[in-house]
Amino acid sequence: MITNETLALLEEMAVFAKVVETGSFSEAARQLGATPSAISRAVSRLERALNTRLLQRTTRKLRLNESGKAVYQHCQALVNSAGAVMSASGQFSETPSGLVRLGAPKALGYFMVHPLINEFLATNSGVNVMLRLEDRYMDLIDEEIDLAIRITNEPPPGLIGKRLFTVSHILCATPQYLAEYGTPSHPQELKDHSCLFLSEEAADTRWRFQQGNKVVSVNVHGRYSSNHSGVRLGGVKSHLGIGGLPVFTARKSLESGEIVQVLPDWTFKTRYSGDAWLLYPPSRYQPPHMMVFIDYLVKKLRT
């Protein structure tokens, strides 16, 4: 039997989910048509009912603790379920609407996701997209994002994952550079070339290759390095040397013949290779605008 206490708890859970979503009591109050003090009291009542602190309150921001993260997932599932019920009853708009916040690595987001957004927006007039490009790890709750694309061997615990494609790396140069300086036939010959490499760690100048059972490592050097593959692609296209690039970054320039692959018989091994996954918190029901965006990305990117 549903009691008044249960109904009050459900309302407080929905309020808590809105506070986390907006990142502040005042914005949650504005969206819910209440006062910040009323919102704060609702969250405090929920904390007392659960006998645990959910939020760390500071003068600058709100931050979920571990208990809060777990509770938020259930509260968000409750809100999503309510939306699903309204949709089934016909009270919810048949046209998906809302904001989708997606986080992705910089180069992957720019080269793979960004070109797809125009078509998606044109066919889904009620859905807006916020694309955040960060190479660092982004926590979905703390960073206030709905979806994340990460390169990983498998989805981390607590998140649902849809595998999209494999990220592999190759070496590339322009025909003009190779005509002037020669085309290497073995990884060790890279020592005699100017190479464009990632510049985040000292180990980034040590390139590893595999051919069957043979593994070769070589220390490379060059006058230009960058931690952004789009910048390295630009350097390669400017004839600055042989660059290591993700295949998705180099694909169009390879197809046009502007650049060519170097050492195609060898596999270029990097710690930035792996599978790209689309990740989001588990929920039995997802809002329609989330589902239409997830389905679109999976359809366009999965290989």
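These legends walk through a few close-up views of a predicted model.

**Figure 1. Three domains along one chain.** The chain splits into domain 1 (4-89), domain 2 (98-167 + 275-301) and domain 3 (169-272).

**Figure 2. Where domain 2 meets domain 3.** The centres of these two domains, taken over C-alpha atoms, are 29 Å apart. Domain 2 brings 9 residues to the contact and domain 3 brings 10 residues. Together they bury about 720 Å², and carbon and sulfur atoms supply 73% of that area. On the domain 2 side, look for Ala107, Phe111 and Val167: they lose the most area to domain 3, together 59% of what that side buries.

**Figure 3. The domain 2 face of the interface.** Across this interface there are 0 salt bridges, and 0 residue pairs in polar contact are counted between the two domains. Helix 5 (106-123) and strand 6 (160-167) are the elements that give two or more residues to this face. Helix 5 gives the most, with 5 residues. Sorted by class, the face has 7 nonpolar, no polar and 2 charged residues.

Figure 4. You will find Asp146 in the loop between strand 4 (127-133) and strand 5 (147-152). Asp146 counts as buried because its relative accessibility is 15%, under the 20% cut-off. Among the residues that Asp146 touches are Leu99, Arg101, Leu140, Tyr280 and Met290.

**Figure 5. Glu12 and Arg45, a salt bridge between two helices.** The whole structure holds 11 salt bridges. In this one, the side chains of Glu12 and Arg45 come together at 2.9 Å, N to O. Glu12 sits in helix 1 (residues 4-22) and Arg45 in helix 3 (residues 36-50), 33 residues apart. Glu12 is buried, at 9% relative accessible area, whereas Arg45 is partly exposed at 36%.

**Figure 6. Asp275 and Arg163, a salt bridge between two strands.** Here the side chains meet at 3.5 Å, N to O. Asp275 belongs to strand 14 (residues 274-280) and Arg163 to strand 6, 112 residues apart. Arg163 is partly exposed, with 24% relative accessibility.

Figure 7. Asp204 and Arg271 form a salt bridge, their closest N and O atoms being 3.5 Å apart. Asp204 lies in the loop between strand 8 (195-196) and strand 9 (206-211), and Arg271 in the loop between strand 13 (267-269) and strand 14, so the pair ties together parts 67 residues apart in sequence. Asp204 is buried at 7% relative accessibility, while Arg271 is partly exposed at 47%. Through shared partners, salt bridges join Glu201, Asp204 and Arg271 into one network.

Technical notes. Residues are numbered from 1 along each chain as its sequence is written. This is a predicted model: local features need pLDDT of at least 70, side-chain atom pairs count only at pLDDT 80 or more; totals for chains, interfaces and linings use all residues. Side-chain values use heavy atoms; hydrogens and water are left out. Domain bounds come from an automatic or database domain assignment. Contact means heavy atoms within 4.5 Å. Buried area is the accessible area (1.4 Å probe) that two parts lose on being put together, summed over both. A salt bridge is a side-chain nitrogen of Lys or Arg within 4 Å of a carboxyl oxygen of Asp or Glu. A polar contact is a pair of N or O atoms within 3.5 Å; within protein, one must be able to donate a hydrogen and the other to accept it, and residues adjacent in sequence count only if both atoms are side-chain atoms. Helices (H or I, at least four residues) and strands (E, at least two) are DSSP runs, numbered from the N terminus. Ala, Val, Leu, Ile, Met, Phe, Trp, Tyr, Cys and Pro count as nonpolar, Asp, Glu, Lys and Arg as charged, and the others, Gly among them, as polar. Buried means under 20% relative accessible area, exposed over 50%, partly exposed in between (1.4 Å probe, protein chains only). Lists of a residue's contacts leave out its neighbours within four places in sequence.
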